[in-house]
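Visitor: Please show me the structure. I would like to ask how its labels are decided.

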4 protein chains.
Amino acid sequence: MRQAGRHFLQIPGPSSVPDRILRAISGQVIDHRGPAFGKVGAQALEGIKTIFKTQQNVVIYPSSGTGGWEAALVNVLSPGDRVLMFETGHFATLWKKIAEKLGLKPEFIEGDWRGGADPDQIEAYLAEDKNHEIKAVCVVHNETSTGGVSPIAAVRKAIDNAGHPALFMVDTISGLASIDYQHDEWGVDVTVSGSQKGLMLPPGLSFNAISAKAMAANASATLQRSYWDWADMVGPNKTGYFPYTPATNLLYGLNVAIEMLHEEGLENVFARHARHGMAARAAVRAWGLEVLCNKQGQESGVLTAVMVPEGHSADRFRATTLEHYDISLGNGLSKVADKVFRIGHLGDFNDLMLVATLAGVEMGLTKAKIPHNAGGVGAAMALLESTQIAAE
Amino acid sequence: MRQAGRHFLQIPGPSSVPDRILRAISGQVIDHRGPAFGKVGAQALEGIKTIFKTQQNVVIYPSSGTGGWEAALVNVLSPGDRVLMFETGHFATLWKKIAEKLGLKPEFIEGDWRGGADPDQIEAYLAEDKNHEIKAVCVVHNETSTGGVSPIAAVRKAIDNAGHPALFMVDTISGLASIDYQHDEWGVDVTVSGSQKGLMLPPGLSFNAISAKAMAANASATLQRSYWDWADMVGPNKTGYFPYTPATNLLYGLNVAIEMLHEEGLENVFARHARHGMAARAAVRAWGLEVLCNKQGQESGVLTAVMVPEGHSADRFRATTLEHYDISLGNGLSKVADKVFRIGHLGDFNDLMLVATLAGVEMGLTKAKIPHNAGGVGAAMALLESTQIAAE
Amino acid sequence: MRQAGRHFLQIPGPSSVPDRILRAISGQVIDHRGPAFGKVGAQALEGIKTIFKTQQNVVIYPSSGTGGWEAALVNVLSPGDRVLMFETGHFATLWKKIAEKLGLKPEFIEGDWRGGADPDQIEAYLAEDKNHEIKAVCVVHNETSTGGVSPIAAVRKAIDNAGHPALFMVDTISGLASIDYQHDEWGVDVTVSGSQKGLMLPPGLSFNAISAKAMAANASATLQRSYWDWADMVGPNKTGYFPYTPATNLLYGLNVAIEMLHEEGLENVFARHARHGMAARAAVRAWGLEVLCNKQGQESGVLTAVMVPEGHSADRFRATTLEHYDISLGNGLSKVADKVFRIGHLGDFNDLMLVATLAGVEMGLTKAKIPHNAGGVGAAMALLESTQIAAE
Amino acid sequence: MRQAGRHFLQIPGPSSVPDRILRAISGQVIDHRGPAFGKVGAQALEGIKTIFKTQQNVVIYPSSGTGGWEAALVNVLSPGDRVLMFETGHFATLWKKIAEKLGLKPEFIEGDWRGGADPDQIEAYLAEDKNHEIKAVCVVHNETSTGGVSPIAAVRKAIDNAGHPALFMVDTISGLASIDYQHDEWGVDVTVSGSQKGLMLPPGLSFNAISAKAMAANASATLQRSYWDWADMVGPNKTGYFPYTPATNLLYGLNVAIEMLHEEGLENVFARHARHGMAARAAVRAWGLEVLCNKQGQESGVLTAVMVPEGHSADRFRATTLEHYDISLGNGLSKVADKVFRIGHLGDFNDLMLVATLAGVEMGLTKAKIPHNAGGVGAAMALLESTQIAAE
């Protein structure tokens, strides 16, 4: 039977794509070597810099975010290079596995999946590396599997404190355009992101923002690469073109997305996500459940991962909720599989959509017979009422 | 500043158009005299009969619903004809004014705008008309200005009880495809409807479903008409064509709308609307406010009109709610202007959208400082949880 | 079997709708009483004036062009009024029939369907009407059934020469935004048009541009009217609103259409149509066939009606052409049924589309075994090459 | 100034995307881990097999065709492997450069860029490789830079004749779904293709069709790989899912594209392209110009590369044509830069679009003052008339 009304896509990405962007990506394809394309490309390449808060090069790949991870590594590293990574959760672990597949030697600072990366541990680790054999420090900014946010500026400071020359690489695939991110100011060397989260686009684009230091490293790095090679990108990019056929229609959408983000104002976008994160956590507390991220100040405005009580299945709950309330929630991944569900509250989103989302969770908890207190929706509404931003 | 997320269009029509229909109406125009069009037209003309539950002709006009009202009158009546109408609310009153403008003599049974038409009063009125000078009885099925539903089958019975030969004309502009309607079974002679409510289309089409008796009346009726004349329509309609250029793209959408309604199942569609009406009224009661329709069994599943406390402005409330929560609510019209607001819960709609809608109202009441109790959203959720339909 | 590639919709309207407009009309419906709508409506109502070249009111109906004809008549005339019309072709004849249906007394100056209206005959006719019983002169600007264009400024002069006070009403349904039209400058009282021709929109909107004299006539005219009554329109129109639910999504498209016309420049649009008309006629001459319009200077840039040789069927030719070359051509209507076919070259159209269209005709003539010389396409190309406009 | 009418995108890919596909890709994103997605994915993964004419695995990447090339190589080869490639033109050369970048040792059989790969030369070359050190033979099926088609079945036979165990890898990025291709029947081990040519989609997807032998080679091949690794793909693909976020909206489009190709019938699609190639070449001959591909039987139905006379600039001609006739033609690449232009006649294309395209070229030649005879368009029309396929 057809389900009436809108589906609520409340996974932590892909996020729902606004109609305006969907219409943009349905534009007719144009000649990627012709003069009209140059304008589209230049607008995208310049525009995306304002989102990464960088004056430096940002390259755009037709690929998933996974491709962006690989690109970051192969462009600046050489076989056997030691790399320091931090286990913030499932996606940090995946990035590490990719590093291993590519012939690098990642070293993993273990984490409990309940918060962001710890600058102190990173500083201590690097301080031990007297010979500066570690070539890169890789941190996930917004860990999509847990809802924990790493303090990127503090990690930068930690590296500096250790006096370590390693490149600093950050994955903000699910953080960009939802949580403040400052590629230049924070001294990040390579930032990885994707299209389908805060940028409100369908999946299919990934990004690398590149510092001068990283670009220099590219010249000597010997990991095998072709598709991902920045060196081939930056020349054509100067005039708005690409070395191979770009994903034209997603670039149409990207230009509109950037325009929409600036129409709202980036700082307003960040405040909106933060406030929705607070409201979601208020609901979780009211239900008597626990938020996976337990480090204060590191809870994400992008998603809220919720732990289900011992003996209950988060996946059965999600299936029930999808069936009865037509809402998709994110699943728990690897270590927390079936133990948590994730509520996405990112992208093109507002107060009433959040209430609907939390209502879907609350009614789903009842339907799936997961013990909880009522009143989560009410608690979130109270928070929203008490914190509404004037401008909104 | 751009408002993020989806606008909630919760007026009682136009209702939000599903993406599938928006995409259909964005199809390229075709030759309205060519063979491909004949299939589109025939599908629309046959399909719409299943929604009116009729085997008889339904004509489709490129016009607003207002045009459908005019068409119904001019096709079967002659200058100076007496017509019995019932004051269910603003739209019944508008229809009466049109009748006056067209040179008819409408007689109005006064109503209190808090329910549907009263069959007993109609029967009594007709019984007085010994000479059968009254040529038509006109009733609004779902009064969009009040949320009161008229018992159409009972009105039919009332006319029969009075032994009166008047034509029976019903406006179900906002009822069709949301509340059960049976043109043939209920013995209606002319049913008027429009595209932008339960049919989930943009505005721009109106409909007349026509009984054999009404079609016969067309031959002798002398009200001036050309654009609206059924006589010119029925011939070309037989093969799927129209006497003048039809609104091609809305017909594309109509075919998809009919398909979607049958995919869900008309009876499921009706049950869904009824249940959402109940939940909305539960919220209103919890707020300590009053629903305008006070006749039990006549409350609409399409919309809920809510009375604001004496001394408060419904329009200011609506403006506040639009500004702060990006939700459009319907205004009070003429007699109830500024005294009520109307919550639309019709068309392509589901449980979570209803919760979001009611949350917008509840938070808006607070923001606009209209005295009310909290807990309306919670009451609605409780009702939804306790009544969920298996199939949904 | 699916036919690959684009269908060529080369009837003289509806014309192919540009993607940009199709995307606009697929926007979500908004509250037609809310603040956002006021901007959409005001933009449309102001913008359309620039296309009619008028400073006066233009009303917009959700209706076909036929409705626009009816509106023009019922707003300014009274039952039994004498009206002078000119038989330019099928559509002039239809308008006359509508006048009759509405209780007017149209008088028809006969024409041969091979050109526009003759100002001299009109002047002579009016001069005879010493008592000024004729209340309106109705002329079709671009006769869609023949491709003959009436000299509107000259007709105005003819009326003035006759010293006659009749209202001057013009149908430019298929001329507007393709052929120069000046409502104010030419002293037209009511101009009728529609959305699906030069405005490049789907069908569903009609227009009346109204002079002050016509608006004054509205007050005393007694033809029955409600839906079409200008008096109800002009008030709400002042702030961008409508007295009944407008066809929101077509208004979105209208705003984009007006924007596109001005981006190209109206005078460029007119020159383009004129040049394409010349090229089409060059092709017809090369084929050794005859253009229906035989008055020099009155041939339309919108369409070219072509006479097929005696003993051949234009409709069979059109069916052959549609089947084999996926192109829709216009049929001959009433007096010229099956004797002519019509090539539309209007709206969003360019040189290569014209060549494709003429190639479809030329190859279709061969396929349908209609005697003709080859070389029509070549002749059109030669003309296009020799006349190309710098700016294009 | 806005140019009216449709742009003609007549480069040899991307080809114009049909509206039906554009509408499909504008559908809302869904959860790529949810049950609804599994159906979309399974339909795409099964459907694409029918286009490659294979029963074996086809993997789908979010990437350009360049990524598909890289994937083919890294999945089955090891550093330093010798690879035999054939210089059919620019794209064969690019593929060779990628092989070099990836650490392989490509050996290039030189070609004159005027036809497909030569099976005899390949057989002779392989016969010399007694120790079977050559691990793969790589051939471009439809060389997009020249319009030469390689006889793939004959190359297979050549490899077999030489008794050589090398893997056979074919790039049919611009041939698939336009020219017959049979992955299984022709014994190809890895076939590479992309979305933006015969598949009528925007760019953004690439494909590898994989034989059992190639899949076995994957297990032992040691080229560094992660994003492109087939081994991670085939598991999730079994149920319609992907190891990382797929390009959801392009998959929507792919499913529609496959449906459209089968509606037309693949053999009809091939015949259509072949016939259009013949007509284009007839035009070129009539102009007195030369087609770049001079091997009879190897001329492509996808594109026609045309040599401009000595002393004239193909690029200036293309710029003129774009400016005056709003048509994009393909440029000459590397060795033939500025010496040839390429006419794309692939994808969603029909007879009238071809005539329009050739008219753009013919009028552009005049405008750019490139010496040529008139009559190319006429010659193409004559060929189209004399060869029309009954079914079309």
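Visitor: What makes α11(B) and α12(B) partners, and which residues meet?

Guide: Two residues are in contact if their C-beta atoms, placed from the backbone, lie within 7 Å. From α11(B), the residues that meet α12(B) are B:F317, B:T320, B:T321, B:H324 and B:Y325. On the side of α12(B) they are B:G360, B:V361, B:M363, B:G364, B:L365 and B:K367. By class, this contact has 5 nonpolar, 5 polar and 1 charged residues. Nonpolar means Ala, Val, Leu, Ile, Met, Phe, Trp, Tyr, Cys or Pro; charged means Asp, Glu, Lys or Arg; the others, Gly among them, are polar.

Visitor: How far can I trust the model, and how do I find a residue in it?

Guide: The model is predicted: local features need pLDDT of at least 70, side-chain atom pairs count only at pLDDT 80 or more, and totals for chains, interfaces and linings use all residues. Residues are numbered from 1 along each chain as its sequence is written, while chains are lettered from A and ligands numbered from 1 in the order in which they are written.

Visitor: Why are α11(B) and α12(B) called roughly perpendicular?

Guide: Two packed helices are described by the angle between their axes and the distance between the axes. For α11 (residues 314-325) and α12 (residues 351-367) of chain B, the axes come within 9 Å and cross at roughly 115 degrees. Angles of 65 to 115 degrees count as roughly perpendicular, under 35 as roughly parallel, over 145 as roughly antiparallel, and the rest as oblique. Therefore α11(B) is roughly perpendicular to α12(B). The axes are lines fitted to C-alpha atoms, for helices over the stretch in contact, and angles run from 0 to 180 degrees between N-to-C directions. The crossing of α11(B) with α12(B) is right-handed. That term is used if the near helix is turned clockwise from the far one by less than a right angle, and left-handed if anticlockwise.

Visitor: Why are α5(C) and α6(C) called roughly parallel?

Guide: The axes of α5 (residues 119-128) and α6 (residues 152-161) of chain C cross at roughly 25 degrees and come within 8 Å. The two helices are therefore roughly parallel to each other. Their crossing is right-handed. C:P119, C:D120, C:I122, C:E123 and C:L126 of α5(C) meet residues of α6(C), including C:A154, C:V155 and C:K157. This contact of α5(C) with α6(C) has 7 nonpolar, 1 polar and 3 charged residues.

Visitor: How do you know where a helix or strand begins and ends?

Guide: Helices (H or I, at least four residues) and strands (E, at least two) are DSSP runs, numbered from the N terminus.

Visitor: Which strands are the edge strands of the sheet in chain B, and what makes them so?

Guide: The order of this open sheet of 7 strands is β2-β10-β9-β8-β5-β3-β4 (chain B), with mixed pairing. The edge strands are β2 (58-62) and β4 (105-109) of chain B, each of which pairs on one side only. From one strand to the next, the twist averages 20 degrees.

Visitor: How do you know that β3 and β5 of chain B pair?

Guide: Two strands pair if DSSP finds at least two bridges between them. Strand β3 (residues 82-86) and strand β5 (residues 134-140) of chain B run parallel and are joined by 4 bridges.

Visitor: Which helix lies across β3, β4, β5 and β8 of chain B?

Guide: Helix α4 (residues 90-101) of chain B does, running at about 165 degrees to β3(B).

Visitor: How many residues does chain D give to the contact with chain C, and which helix gives the most?

Guide: Chain D gives 38 residues and chain C gives 38 residues. α12(D) gives the most to the side of chain D that touches chain C, with 10 residues. By class, that side of chain D has 18 nonpolar, 10 polar and 10 charged residues.

Visitor: Where is C:P14, and what joins it to C:G13?

Guide: C:P14 lies in the loop between β1 (8-10) and α1 of chain C. A cis peptide bond joins C:G13 to C:P14, with omega about -5 degrees.

Visitor: What is the phi of A:H132, and where does A:H132 lie?

Guide: A:H132 is not a glycine, yet its phi is positive, about 55 degrees. A:H132 lies in the loop between α5 (119-128) and β5 (134-140) of chain A.
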